[in-house]
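Subject: Structure handover

Hello,

Here is the structure I promised to pass on. Please open it first, then read the notes below.

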Amino acid sequence: LRRYSREVSPAAALDGQTQCRALMPITFARSSDAALTNDWSIVSVPFPIGAATPDERLRAANREMKALKASVEPFVTRKIVDMNSLLPKVIAQQVACDLFSRHSMVFSNVPGPAGDVLIGGKHVTAIRPVYPNLITQVLCVSYAGSMWMTLAVDDKVMQRPELISQYYIEEVRTLAAQYGVDPDDESEPVVRGDSLQQPNGLQMV
């Protein structure tokens, strides 16, 4: 996002004071026999685009996520979401509009099945979720040892959105090389059991 901002807005000042915020849904753990309903909240998280290097941005994002998982913020926002749902529809809609308009995107990562899935007797080879939201939507889904990612944008508002995908791949390759990982390794991924559960029973979604 930093490189994209530089490309489309060369005069933009990107430093430690630059704000870029995303909405991130979080689900709460439930028992296996619970009703098939969603129990989730949504929190506001900063994206550290003011940091100068990919490694600095990665470390800053990691610190933010660790702090969020250890905080009570997701539980507080769940109560606020529950209360908001009781408001008259016109007020609830205005609250949602105000919230979304103050963020650059919704960022969601969903843990999928660790092994292969069959549908109608056929192997599912990939999962590519697309969700047209009020603002830019980024969706990441893990499946069978791989990760699939989509970016839904309004191309009438966002200039050259394909640059985001290009820069993302380039920065992942840069980080891989920095941490001694071969970005061109095509060997089978190693699935290390179920590591999806987060502290406090939270899952980022």
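Let's start with one residue. Thr77 sits in helix H3, which spans residues 73-84. Is Thr77 buried or exposed? Its relative accessibility is 15%, so Thr77 counts as buried. The cut-off for buried is under 20% relative accessible area. What does Thr77 touch? Setting aside residues up to four places away in sequence, Thr77 touches Ser41, Ile42 and Val43. Do keep in mind that this is a predicted model.

Val43 leads on to the core. The largest nonpolar core has 14 residues. Within that core, Val43, Val45 and Phe47 touch the most other members. S1 provides the largest share, with 3 residues. As background, nonpolar side chains tend to be buried together in soluble globular proteins.

Take Val45 next. Neighbours within four places in sequence are left out here. Val45 is then in contact with Cys20, Arg21, Ala22, Met24, Met65 and Leu68.

Now the helices. H2 covers residues 54-69 and H5 covers residues 162-178. How do H2 and H5 cross? Their axes come within 10 Å and cross at roughly 90°. Angles of 65 to 115 degrees count as roughly perpendicular. H2 and H5 are therefore roughly perpendicular to each other. On the H2 side, the residues that meet H5 are Pro54, Asp55, Arg57 and Leu58. On the H5 side, they are Glu171, Thr174, Leu175 and Gln178. By class, this contact of H2 with H5 has 3 nonpolar, 2 polar and 3 charged residues.

Last, two backbone points. Most residues other than glycine have a negative phi. Which phi does Ala144 have? Phi of Ala144 is near 50°, a positive value in a residue other than glycine. Ala144 lies in the loop between S6 and strand S7 (146-152). With a relative accessible area of 23%, Ala144 is partly exposed.

Arg160 is not a glycine either, and its phi is positive, at about 45°. Where is Arg160? Look in the loop between S7 and H5. Arg160 has 42% relative accessibility and counts as partly exposed.

If you want a place to begin, go to Val43. This residue is touched by Thr77 and is among those that touch the most other members of the largest nonpolar core.

Best wishes

How values were computed
Residues numbered from 1 in each chain as written. Predicted model: local features only at pLDDT ≥ 70, side-chain atom pairs only at ≥ 80, totals over all residues. Heavy atoms only, no water. Axes fitted to C-alpha atoms, helices over the stretch in contact; angles between N-to-C directions. Helix = DSSP H or I, 4+ residues; strand = E, 2+ residues; numbered from the N terminus. Parallel < 35°, antiparallel > 145°, perpendicular 65-115°, else oblique. Contact = heavy atoms within 4.5 Å. Nonpolar A, V, L, I, M, F, W, Y, C, P; charged D, E, K, R; others polar. Core = buried A, V, L, I, M, F, W, Y, C linked by side-chain atoms within 4.5 Å. Buried < 20%, exposed > 50% of the residue type's maximum accessible area, 1.4 Å probe, protein only.
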